[in-house]
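Here are my notes on this model, point by point. Have the picture open while you read, and look for each spot as it comes up.

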Amino acid sequence: MNKMNNKGFTLMEVLIVVAIIAVLVAIAIPVMTNQLEKAREATDAANIRSAYAEVSVEILLGNEAAPVREVDLKQKVAGWSAGSEIELPVPEAKITGTPKPGKKCIVTGDSATGEITLEYTE
C-alpha cells in the first residue's frame with residue numbers, strides 16, 4: 001500500500017537543462033554585444049550624415065559664416081568595426097582622424113570655398 005510518487009524531474013535532468021541554457025547564453029552574449037556595437041556605429045554614421053547635411057544647407061543658403069556642428073560618438077570601440085564598413089556619403093568632405101569612443105566628430109564648413117571638413121577629436 002505504500003505508493004511512490006514518481007512525478008517531477010530528477011536532479012540529473014535539471015542539471016542537463018541548466019548546462020544547455022548556460023551554453024546557449026555563453027554563445028548569445030558575444031553575438032549580442034557585436035550587434036549592439038554595430039547599431040551604435042550606424043547611429044553615429046547617421047548623426048554625422050545629418051550634421052553634414054545641415055552644414056551643407058547652411059553653406060548653400062549663406063546663413064552662417066562658418067557653420068559648425070558637433071556629433072557625440074556613442075560607439076564603444078575605436079574606429080569602425082571590421083565587417084560593418086560604414087561609409088559616409090560625403091565624397092567631397094575632408095576627413096581627419098578616426099572615430100574614438102566617447103569623443104566627438106566636428107563638422108565644419110567654409111562658406112567662401114564650400115569645403116566641408118569632418119574632424120574626429122582625439
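**Notes on the fold and its contacts**

1. Let's start on the outside: Leu11, Met12, Leu15, Ile16, Ile20 and Leu24 form a nonpolar patch on the surface, with about 650 Å² of accessible area together. A patch here is made of residues with over 30% relative accessible area and no salt bridge, where nonpolar side chains (Val, Leu, Ile, Met, Phe, Trp, Tyr) are joined within 5 Å and like charges within 9 Å. The areas come from the Shrake-Rupley method with a 1.4 Å probe, and for residues only the protein chains shown count as cover. Ile16 lies in helix H1 and is partly exposed, with a relative accessible area of 47%.

2. Before going further, a word on what you're looking at. This is a predicted model, where local features need pLDDT of at least 70 and side-chain atom pairs count only at pLDDT 80 or more, while totals for chains, interfaces and linings use all residues. Residues are numbered from 1 along each chain as its sequence is written, and side-chain values use heavy atoms, with hydrogens and water left out.

3. Now the overall layout. The chain has one helix and four strands, and along the sequence they follow the pattern α-β-β-β-β. Both kinds of element are DSSP runs numbered from the N terminus: helices are H or I with at least four residues, strands are E with at least two. Buried residues make up 25% of the 122 in the chain; buried means under 20% relative accessible area, exposed means over 50%, and partly exposed is in between (1.4 Å probe, protein chains only).

4. Two strands count as paired if DSSP finds at least two bridges between them.

5. Go through the pairs one by one. S1 and S3 run antiparallel and are joined by five bridges, with Val71 standing opposite Cys105 in S3. Five bridges also join S3 to S4, again antiparallel, and the bridge partner of Cys105 in S4 is Tyr120. S2 and strand S4 (residues 116–120) run parallel, with three bridges; here Thr96 stands opposite Glu119 in S4.

6. Where does the helix sit?

7. Thr117 is found in strand S4 and is buried, at 18% relative accessible area. Leaving aside its neighbours within four places in sequence, Thr117 is in contact (heavy atoms within 4.5 Å) with Lys94, Ile106, Val107 and Thr108.

8. On to charges. Side chains of opposite charge can pair when their charged atoms come close. Searching the whole structure gives five salt bridges, each a side-chain nitrogen of Lys or Arg within 4 Å of a carboxyl oxygen of Asp or Glu. One of them joins Arg40 and Glu37 (3.1 Å, N to O), which both lie in helix H1, three residues apart, about one turn of the helix. Arg40 is partly exposed at 26%, but Glu37 is buried at 8%.

9. Glu58 counts as buried, at 15% relative accessibility, and Glu54, Glu58 and Arg69 are linked in a network of salt bridges.

10. Last one: Lys104 and Asp72 meet in a salt bridge (2.7 Å, N to O). Lys104 lies in strand S3 and Asp72 in strand S1, so the pair ties together parts that are 32 residues apart in sequence. Lys104 is partly exposed at 30%, and Asp72 is partly exposed at 40%.
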